Amino acid sequence: VVSELLILASGLALAGEIGYSAVPYEHDKITVAAEKVFLKGDKIWFKLRVMNGSDKVLIFDKEQIQAKLPDGRVMSRARSVFAGQAKPSTVLPGGSQPLWVEYVIGKVPLQVTLLFAHGFVLDGKPIALPDFVANPTGK
């Protein structure tokens, strides 16, 4: 009985992660691509890569990136109690940096849009990038 419960519990843990798909994009030589996006429990996790194809320094601040749900709710990222507030990341010309953010959206898989209108600075000037949209795949 105990071994059956362990097998069932491990299967539920694997089944507890719902995959998302997102189309990578390039805008004015800035590329944003998803390495992995998934819902686990009540949090959606975005593991993205920001690539700088420009000849200028790009800075992004994930604390300023908000998520929007289909019902219009807009939320700030969830923060770890231990990690606290993140520092801005610098992407040198031709380079890339990971952008990992998470948001508490509830257990129901929903489309989530990351609002990139704030939080990006190119060559010392704020820029607005197109929104980044992720949809649940169910896998």
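Does Glu17 count as buried, exposed or partly exposed? Glu17 counts as partly exposed, because its relative accessibility is 27% and therefore falls between the 20% limit for buried residues and the 50% limit for exposed ones. The model is predicted, and the points below are grouped by topic.

**Confidence**

- The average pLDDT of the protein is 87, and 83% of the residues reach a score of at least 70.
- Residues 1–14 have a pLDDT below 50, and this stretch makes zero contacts in the model beyond near neighbours in sequence.

**Salt bridges between strands**

- The count of salt bridges comes to six.
- One of them joins Glu17 to Lys36, with 3.0 Å between the closest N and O atoms.
- Because Glu17 belongs to strand E1 (residues 17–22) and Lys36 to strand E3 (residues 30–40), this pair ties together parts that are 19 residues apart in sequence.
- Lys36 counts as partly exposed because its relative accessibility is 38%.
- Strand E3 also contributes Glu35, whose side chain meets that of Arg49 in a salt bridge with an N to O distance of 2.8 Å.
- Arg49 lies in strand E4 (residues 43–52), so the bridge to Glu35 in strand E3 connects parts that are 14 residues apart in sequence.
- Arg49 is partly exposed, with a relative accessible area of 24%, and Glu35 is likewise partly exposed, with a relative accessible area of 46%.

- Arg77 and Glu102 meet through their side chains in a salt bridge of 3.5 Å, N to O.
- This pair links distant parts of the chain, 25 residues apart: Arg77 sits in the loop between strand E7 (74–75) and strand E8, and Glu102 sits in strand E9.
- Arg77 counts as buried because its relative accessibility is 10%, under the 20% limit.
- Glu102 also counts as buried, at 11% relative accessibility.
- Together with Glu63, the residues Arg77 and Glu102 are linked in a network of salt bridges.

**Aromatic contacts**

- A pair of aromatic rings is described by two quantities, the distance of the centres and the angle of the planes.
- Six aromatic pairs are counted in the model.
- In the pair of Phe60 and Phe120, the ring centres are 6.0 Å apart and the planes stand at 35°, so the pair is tilted.
- Phe60 in strand E5 (residues 58–60) and Phe120 in strand E11 (residues 120–122) are 60 residues apart, and the pair thus links distant parts of the chain.
- One aromatic cluster is formed by Tyr25, Phe60, Phe116, Phe120 and Phe132.

**Nonpolar surface**

- Val57, Ile59 and Leu92 make a nonpolar surface patch of about 230 Å².
- Leu92 is located in the loop between strand E8 (89–91) and strand E9 (96–104).
- Leu92 counts as exposed because its relative accessibility is 55%, over the 50% limit.

How values were computed. Residues numbered from 1 in each chain as written. Predicted model: local features only at pLDDT ≥ 70, side-chain atom pairs only at ≥ 80, totals over all residues. Heavy atoms only, no water. Patch = residues over 30% accessible without salt bridge, like charges linked within 9 Å, V, L, I, M, F, W, Y side chains within 5 Å. Areas by Shrake-Rupley, 256 points an atom, 1.4 Å probe, with all protein chains shown as cover. Salt bridge = Lys/Arg side-chain N within 4 Å of Asp/Glu carboxyl O. Helix = DSSP H or I, 4+ residues; strand = E, 2+ residues; numbered from the N terminus. Buried < 20%, exposed > 50% of the residue type's maximum accessible area, 1.4 Å probe, protein only. pLDDT = per-residue confidence, 0-100. Contact = heavy atoms within 4.5 Å. Phe/Tyr/Trp six-rings, centres within 6.5 Å; stacked < 30°, edge-to-face > 60°.
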